[in-house]
Amino acid sequence: MISKSQLWGKRIFDVLLALVCLPFLIVPILLLILVATIDTKKWGIYWQHRVGQYGKLFRIYKIRTLADGEHQLGQLDRSASPIGKFLRQTKLNELPQLYNVLIGDMSFVGPRPDLQGFADELIGDNRIILEVKPGITGPATLKYRHEERVLERQNNPKHYNRTIIWVDKVKINKKYVQNYSFYLDLTLILKSILNK
């Protein structure tokens, strides 16, 4: 079980790392916003409400990769432009979440923040997942880095996501919180950078 002191240490590390990264990433982020604006013909920053720590809703920010229209789960990569696909595959569209980390909505490592109807509906011991801030990366994120490709192969992507992937993510994220350590976070960050 993660302690309050560990949560504070995690927060301090997040702020320091974000401040170190920001000078190097601010120009690339602004350029990606410009490219996405031209590519999608919409403002290049996209935001959406997600479920955060203790079930509180917050706005998550991403580089826009999809044009206007209806987009179905399991078809998001197909709906993206070639530039959008590249941003999604390389996770560069997630860079604006550095801001989410700075203002305290997210952490560098933790369970990925979900839409309403998932994490906010957890019951019993599974609600331990909500004790930590959602992360840019995490153990479940690494396992399901190609989640969209998996969903594309399913006859019913929504059902598969809710009954198979989501259930597995809960187990993985629960184990992460129960066995939390600073070393574990560093390991997951390194794996994410190396894409392993």
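Visitor: How many aromatic pairs does a search of the whole structure find?

Guide: In this predicted model, the search finds four aromatic pairs. One of them joins Phe13 and Phe182.

Visitor: What makes the pair of Phe13 and Phe182 edge-to-face?

Guide: The ring centres lie 5.0 Å apart, and a pair needs centres within 6.5 Å. Phe13 belongs to helix α1 and Phe182 to helix α8 (residues 182–194), 169 residues apart.

Visitor: Why is Phe182 called partly exposed?

Guide: Its relative accessibility is 40%. Buried would require under 20% and exposed over 50%, so Phe182 counts as partly exposed.

Visitor: How do you know that Tyr61 and Tyr99 form an aromatic pair?

Guide: Their centres are 5.7 Å apart, and the limit is 6.5 Å. With 75 degrees between the planes, the pair is edge-to-face. Tyr61 is in strand β2 and Tyr99 in helix α4, so the pair ties together parts 38 residues apart in sequence.

Visitor: Why is Lys10 called buried?

Guide: Lys10 has a relative accessible area of 4%, and buried means under 20%, so Lys10 qualifies. Lys10 is found in helix α1 (residues 4–40), and its contacts include Tyr176, Tyr180 and Asp185.

Visitor: Where does the charged end of Arg59 sit?

Guide: The charged end of Arg59 is over the ring of Trp47, 3.7 Å from its centre. Likewise, Arg162 lies over the face of Phe118, at 4.1 Å from the ring centre.

Note on methods: Residues are numbered from 1 along each chain as its sequence is written. This is a predicted model: local features need pLDDT of at least 70, side-chain atom pairs count only at pLDDT 80 or more; totals for chains, interfaces and linings use all residues. Side-chain values use heavy atoms; hydrogens and water are left out. Helices (H or I, at least four residues) and strands (E, at least two) are DSSP runs, numbered from the N terminus. Buried means under 20% relative accessible area, exposed over 50%, partly exposed in between (1.4 Å probe, protein chains only). Contact means heavy atoms within 4.5 Å. Rings of Phe, Tyr and Trp (its six-membered ring) pair if their centres lie within 6.5 Å; planes under 30 degrees apart count as stacked, over 60 as edge-to-face and the rest as tilted. A charge sits over a ring if NZ of Lys or CZ of Arg is within 6 Å of the ring centre and within 35 degrees of the ring normal. Lists of a residue's contacts leave out its neighbours within four places in sequence.
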